[in-house]
Amino acid sequence: MDVTINKSCTVKPKEPTKTGSLPLSACDQVGTLTHVPTIYFYKPSPDWLMQSDAILTTLVDSLSRVLVPFHPLAGRLRFASNTRLELDCNDMGVEFREAESQSKLEDFGDLSQCLAYEYLIPNVDYTLPLHELPIMLAQLTKFQCGGVCLGLTICHVVADGQSALHFLSEWARIARGEPLGLAPFLDRNVLRVGDPLMESPVFDHEEFQHPPLLVGESNTLEERKKKTTVALLNLNKEQVEKLKRKANEGESIGFSRYQTLTGHVWRCACKARGHKPEQTTAIGICVDSRKRMRPQLPDGYFGNATFDVIAISTAGELTSKPLGYASRKIKEAVEKMTNEYVTSAITFLKNQKDLTRFQDIHALNSAEGPFYGNPNLGVVSWLTLPMYGLDFGWGKEIFMGPGTQGCDGDSFLIPGHDGDGSLALAICLQVAHMDAFKKYFYEDII
């Protein structure tokens with residue numbers, strides 16, 4: 001795809017902000033420490049397109065304004081110790097790129113199936129020292145048809161999905177000339193890793209142990225080397241409801257959409273990967289603790305408040321038993337996430353001298369660290385996040401989706417854009433397994 005970067009600039013807060021070190025919570029310190037990409041496509045009205053650089057000027061000016069209350073995004077990370085991070089609020093700014101393409105939006109066909117997002121979302125150079133890496137990067141790309149897209153990538157250390165979308169919605173509000181709706185709550189002491197909570201964790205926390213390996217393997221190095229591909233698989237409302245009926249058949253409890261679909265994905269992955277019946281497999285489940293803690297986290301809490309739990313089974317049990325078996329495993333894992341469990345997890349991490357093996361930035365080129373690829377996977381739910389309707393003044397997006405980055409086993413459940421009960425699964429799998437996964441994903445609904 002032909003994309004030319006015309007200029008790049010650093011956008012800093014419009015006004016001076018509070019500078020200095022911002023301690024990070026236990027939740028910020030582990031898991032996905034890399035940047036998470038998203039992309040929005042727009043077809044602005046002729047009034048906007050007739051004004052040269054109006055879109056760019058609006059985005060840059062409003063970004064500088066919203067970075068005042070959301071100033072952590074303009075800072076830089078650094079190591080407070082060998083393995084623990086802290087945020088240096090130094091107003092170094094966000095990297096913003098302006099690009100153009102000779103392509104038209106019509107050339108992409110179905111935007112949900114586009115595989116060229118890597119050219120439309122800023123890449124992050126992880127060979128640079130950590131303290132030089134921007135926390136957030138953005139790219140505005142203009143197409144020949146007049147359409148534009150906004151590609152974004154935000155470091156997961158600073159914001160989880162809920163916080164990132166909070167920031168984006170406030171950015172859009174300010175771009176439209178409206179006042180800030182909900183100020184971010186920046187004090188992370190409520191989840192701070194250094195605060196004494198209890199002497200030792202009260203749960204085993206399987207999620208912090210190494211996940212299962214393929215039968216006969218002693219590490220994950222070979223699996224990490226295998227080529228992966230991504231796909232966005234769509235399900236209409238009828239297909240979703242049919243799966244829910246299958247999952248709930250003969251069950252005394254009802255399963256949610258997430259529990260149903262996640263169980264379905266788990267079973268299909270086992271089949272597509274050709275696992276033997278005795279193969280142990282784990283699925284990582286990301287749970288938002290904001291409303292599960294006592295007291296609940298303040299509205300607008302800005303940071304990471306999600307914790308992982310896992311469900312474990314064998315491929316034989318998952319594929320031979322009804323869908324309800326897998327969904328029940330998911331439900332039981334999610335229900336473990338109580339205030340006591342979160343407190344125990346924070347204590348577990350507080351007591352670790354070395355957090356490296358829990359941080360996936362160290363896993364990019366290593367056989368160590370968390371890896372939920374074959375025979376495992378992770379399914380993150382975006383089903384309840386306010387993903388859509390991001391209007392900077394020229395109308396709402398015509399498509400929004402995750403970027404194409406990811407590792408084997410990474411997946412997201414995304415609600416349909418029109419709120420019609422449909423949803424999509426964005427998934428990254430090894431090339432050798434993707435076609436079989438697609439086959440089972442749809443055939444097993446019947």
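Biologist: Hello! To what number does the count of aromatic pairs come by your rule?

Modeller: The count comes to 18 aromatic pairs. The rule pairs rings of Phe, Tyr and Trp (its six-membered ring) if their centres lie within 6.5 Å; planes under 30 degrees apart count as stacked, over 60 as edge-to-face and the rest as tilted. This is a predicted model, in which local features need pLDDT of at least 70 and side-chain atom pairs count only at pLDDT 80 or more, while totals for chains, interfaces and linings use all residues. Residues are numbered from 1 along each chain as its sequence is written, and side-chain values use heavy atoms, leaving out hydrogens and water.

Biologist: Why is the pair of Phe41 and Phe143 called stacked?

Modeller: Their ring centres are 6.4 Å apart and the planes stand at 20°, so the pair is stacked. Phe41 belongs to strand E3 and Phe143 to the loop between E7 and E8, so this pair ties together parts that are 102 residues apart in sequence. Helices (H or I, at least four residues) and strands (E, at least two) are DSSP runs, numbered from the N terminus.

Biologist: How do you know whether Phe41 is buried or exposed?

Modeller: Buried means under 20% relative accessible area, exposed over 50%, partly exposed in between (1.4 Å probe, protein chains only). Phe41 has 0% relative accessibility, so Phe41 counts as buried. Phe143, at 5%, is buried too.

Biologist: And what makes Phe208 and Phe358 an edge-to-face pair?

Modeller: The centres of these two rings are 5.5 Å apart and their planes are at 70°, so the pair of Phe208 and Phe358 is edge-to-face. Phe208 is buried at 10% relative accessible area, and Phe358 is buried at 6%.

Biologist: Which residues do ring pairs link into a cluster?

Modeller: The cluster joins Tyr42, Trp48, Phe70, Phe167, Trp171, Phe302, Phe392 and Trp394.

Biologist: Now the sheet: in what order do its six strands run?

Modeller: The order is E1-E6-E7-E8-E3-E13, an open sheet with mixed pairing. Two strands pair if DSSP finds at least two bridges between them.

Biologist: Why do strands E1 and E13 count as edges?

Modeller: Strand E1 (3-11) and strand E13 (399-402) each have a single partner strand, so one side of each has no neighbour in the sheet.

Biologist: How do you know that E3 and E13 pair, and in which sense?

Modeller: Strand E3 (residues 35-42) and E13 share four bridges, in the antiparallel sense. Here Phe41 stands opposite Phe399 in E13.
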